[in-house]
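Hi everyone, thanks for coming. I'd like to walk you through one model today, so let me put it on the screen.

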Amino acid sequence: ASFTISLHKVDNTTVMIKLRPNVSPSCRIRIKNVIRSDLKIKPGENVTFTFTCSNPEKYFIMEIQKNIDCVSGPCPFGDVHLYPPGLPRLNRTYIWDVKASTKAGLELKFSTPWLRQIEPGETCPDSISYNINSCVDEATVNIGTFCRNGSVSRVKLLGGVVMSLHLPWHSLLTTSGFTIANRASIKRLCIIESTLKGESSITLMSPNYPLGFPEDELMTWQFVIPSNMRASVFFHNYSLSNCERKEERVEYYIPGSPSNPEVFKLSDSQPANIAGSFNMSLQGCDQDAQNPGILRLLFQVVVQPPQVDENVTHLVDLSKEKNMTVTIHLEGWPSQIPLMSEPICLICKDPRTCDRVLTLASGAVYRISFLCKDLSRLRITAEKGIGCMDIRWCQRKIYSLSVPKAVTQLPIRLHKFIWKLLATDLINIEITSPSLKLQQHVSEQRCNTSYSYSIVSATPETELNVGVFCPGGSIEKIQMRNNITISLKTFGKGFINESIPQDLKMSFVPHIKDECTFTVSPNPKAKVYLQTPNQLYGLPPYVSISWFIVVPSKQTARLGFSKDRMGIACETGHAYVNIKEETLGAEETVRREDELLPQPRNMHHNFWVNISNCKPVDKTQLTLQFWVTFADKQIDLGIILAVVAGAGVLTAIGLTVCCVKKKKKKTQNPMVGVYNANVNTQMPGKKGLFGKGRQNSESHVYAVIDDAVVYGHLLKESNGSVAPEVDVYRPFDGPIGSLPPSPPLFSFRKDIKRSSNTEEEPPPLMDTDQDAYTFAHQKSGQSKDNGDANEKDKGDTSVPLLENKEQDGLVE
């Protein structure tokens with residue numbers, strides 16, 4: 001198809017067709033028999049041309065520029081038309097360059113649906129956009145870029161203007177949508193009129209945004225608001241230049257205000273709840289020539305009807321609180337603060353100081369009100385700091401970690417209350433819940449309450465997420481070594497009713513041994529699940545965690561692990577699980593990361609569970625879970641039989657003694673025996689290891705054999721002799737009850753040889769121990785023969801042992 005463009009000379013219009021940037025010239029322009037890649041048609045020319053392809057919109061763009069001189073002649077005011085007609089369907093830009101004197105002002109008036117200002121780089125939904133530039137003293141200032149469908153109804157400018165309209169090739173728009181008029185000088189850079197007819201929200205920017213407002217300039221926004229509506233201004237992004245003279249500021253002219261104009265700094269909270277129309281002006285300053293800085297502003301105006309309860313105030317008394325802030329905000333804050341295009345909830349400290357986010361500090365009393373149709377969209381987030389720098393002043397203090405009534409009495413749902421507990425290196429923190437106790441949230445034992453506590457322990461090197469806990473469990477106390485953050489988070493609307501008996505307490509205590517210690521006092525009928533901290537990322541390297549489980553006196557606890565192995569490989573050191581009952585002589589069960597974890601076992605006394613980590617290989621993480629259940633203690637049948645048998649033996653002995661005494665009374669001439677120490681009663685031969693042989697010596701008889709007697713000679717020196725070098729694990733021998741069992745330092749550990757049984761076997765006897773009944777060391781020079789005259793006894797060296805569940809000892 002061919003196109004003919006005819007330009008009248010009086011219209012002073014130029015048409016330019018050129019290739020789009022970064023597009024291969026696969027299509028050309030043909031004028032008669034001449035092939036060209038661009039075409040310029042000047043005023044007064046008439047040109048007919050065609051394209052060498054059927055889709056020229058992919059390759060060409062078009063600019064139509066009209067120059068209007070309002071300085072030397074009259075201006076063609078009125079509607080601006082899209083001239084010339086009959087243009088090819090290409091992406092095109094119409095440019096109107098209007099020259100005008102600074103003594104006269106120009107006005108661009110837009111027809112409905114008016115314009116909406118957008119940020120640089122943002123595109124319009126229909127790809128139709130307007131760009132307005134002001135020309136003052138040969139300096140060009142970008143007033144802004146606008147899309148259709150907005151609130152900007154007029155723009156007044158000082159001096160000339162360059163107006164651009166960008167249309168896509170498929171646009172069917174036939175009118176420019178604005179008119180040009182002449183007005184008196186406005187004595188400022190520009191005036192932007194924004195007309196809002198109902199509930200709405202608009203965003204506007206200062207000229208040249210974000211590059212910077214011109215030096216020492218003044219501009220104004222005029223907001224036309226229905227008298228029955230309320231408007232509020234919010235500054236979202238601004239920066240200040242470096243002023244040598246004057247001061248950057250914003251001024252408001254509000255009809256009916258007793259102090260027009262009202263002057264504000266850009267850093268101040270801007271006026272809110274304004275009734276009716278008002279003006280807002282931005283004033284620059286004389287900038288430092290060496291370092292001018294940048295003055296820019298992006299702000300939002302929200303228009304909404306007055307609220308029924310806007311005069312209802314709520315008292316928030318924080319006068320007795322310390323180191324506390326209360327923030328009222330929209331749901332989703334702070335991650336979601338969009339520039340909304342709809343009315344929003346506002347929180348007001350006074351009738352004219354309102355914002356979407358309001359923070360109240362402790363030590364004062366506030367009366368706040370809400371401009372909001374639906375208060376359910378609002379939330380409260382509070383934070384309180386408690387610190388201790390000297391244990392002498394804080395050790396005996398008990399702090400209540402409960403939400404103050406000043407917060408719970410507001411008609412706003414509490415989202416989160418955060419306690420930040422700070423202490424020096426040698427001071428640790430203890431958290432208790434005496435009556436409600438705490439339940440650890442794990443997959444097998446989920447919290448279903450209206451609120452929960454998230455506990456995080458933090459040091460400069462690492463952060464330990466201790467876990468999520470809720471009331472109604474078995475954890476009475478948690479001790480931690482580092483600074484702690486406790487976050488109470490609510491779920492649903494039941495918190496106010498369920499939170500009345502809050503009993504979470506906190507105190508500062510001296511230094512503790514492990515990173516974290518739990519004291520657990522389970523309900524005898526409950527099954528309790530406990531899990532190592534940092535569930536998602538695993539226990540940090542070299543961290544040790546302990547649990548002290550309280551077992552009721554008439555109960556037996558059963559302890560089991562949720563998996564067979566720790567599931568990690570160590571690069572440095574070893575990971576250990578230590579289990580020990582809190583009773584004298586109790587054995588300590590130890591498992592390493594390369595061993596099977598203990599099978600479920602019964603615990604008759606209070607006991608400790610300690611889990612310590614190594615430095616794992618690669619990305620393997622240590623995460624362990626164990627459970628505890630309770631059952632009533634069963635009376636051991638063996639004990640009953642032993643007691644009955646013992647009573648029978650004592651009765652028999654008593655009867656025998658009585659009979660012997662009676663017989664002696666009847667004997668008139670008793671025989672007399674004399675002991676002679678010089679007589680040798682032993683058979684000739686080699687002197688044995690002991691003074692007496694086994695048949696006439698009771699050194700091998702043990703009613704109860706203590707662990708220390710059985711194995712003590714393998715671990716410690718006995719009678720000055722050096723203990724044999726046996727590679728054994730040295731059990732926990734610290735004070736019972738005050739500290740948990742924990743393994744020795746990683747650098748001093750030795751490997752422990754154990755069988756695959758779940759119960760540990762005692763270390764083997766040494767070659768020097770010939771008598772399995774006596775457990776004595778052979779001294780130098782003594783015979784290996786024990787001097788036993790009864791050869792029958794030599795063949796039977798076994799000792800029948802019975803397990804006593806009450807004494808945990810050995811009985812022959």
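Before I go on, a word on ground rules. This is a predicted model, where local features need pLDDT of at least 70 and side-chain atom pairs count only at pLDDT 80 or more, while totals for chains, interfaces and linings use all residues. Residues are numbered from 1 along each chain as its sequence is written, and side-chain values use heavy atoms, leaving out hydrogens and water.

Back to our cysteines. The sulfurs of Cys243 and Cys285 lie 2.0 Å apart, a disulfide, meaning a pair of cysteine sulfur atoms within 2.5 Å. This pair links distant parts of the chain, 42 residues apart: Cys243 is in strand β21 (residues 243-245), and Cys285 is in the loop between β25 (278-283) and β26 (286-287). Strands here are DSSP runs of E, at least two residues, numbered from the N terminus. Cys243 is partly exposed at 35% relative accessible area, whereas Cys285 is buried at 1%. For those words, buried is under 20% relative accessible area, exposed is over 50%, and partly exposed is in between, with a 1.4 Å probe and protein chains only.

How many disulfides does a search of the whole structure find? Nine. Another one of them joins Cys388 and Cys394, with sulfur atoms 1.9 Å apart. The torsion about that S-S bond is about 80°, so this disulfide is right-handed. Cys388 is buried at 1% relative accessibility, and Cys394 is buried too, at 6%. Then there is the disulfide of Cys70 and Cys75, with 1.5 Å between the sulfur atoms; both of these cysteines are buried.

Now for the nonpolar cores. A core here is a set of buried Ala, Val, Leu, Ile, Met, Phe, Trp, Tyr and Cys residues joined through side-chain atoms within 4.5 Å. The largest one has 83 residues, and the members touching the most others are Trp419, Ile486, Phe508, Phe518 and Trp547. A second, separate core has 79 residues, including Phe110, Met163, Leu165 and Phe213. In soluble globular proteins, nonpolar side chains tend to be buried together.

If you find Trp419 on the screen, its contacts (heavy atoms within 4.5 Å) include Lys384, Tyr453 and Leu488, leaving aside residues up to four places away in sequence.

On to the rings. The structure holds 23 aromatic pairs; Phe, Tyr and Trp rings (the six-membered one for Trp) pair if their centres lie within 6.5 Å, with planes under 30 degrees apart called stacked, over 60 edge-to-face, and the rest tilted. Phe469 and Phe518 make a tilted pair, 6.4 Å centre to centre with 35° between the planes. Phe469 lies in strand β40 (residues 463-471) and Phe518 in strand β44 (residues 516-520), so this pair ties together parts 49 residues apart in sequence. Phe469 is buried at 0% relative accessibility, and Phe518 is buried at 1%. Phe548 and Trp608 are tilted as well, at 4.8 Å centre to centre and 45° between the planes.

Last stop: which residues do ring pairs link into a cluster? They are Trp221, Phe223, Phe235, Tyr252, Phe264, Phe278 and Phe299.

Conventions:
Helix = DSSP H or I, 4+ residues; strand = E, 2+ residues; numbered from the N terminus.
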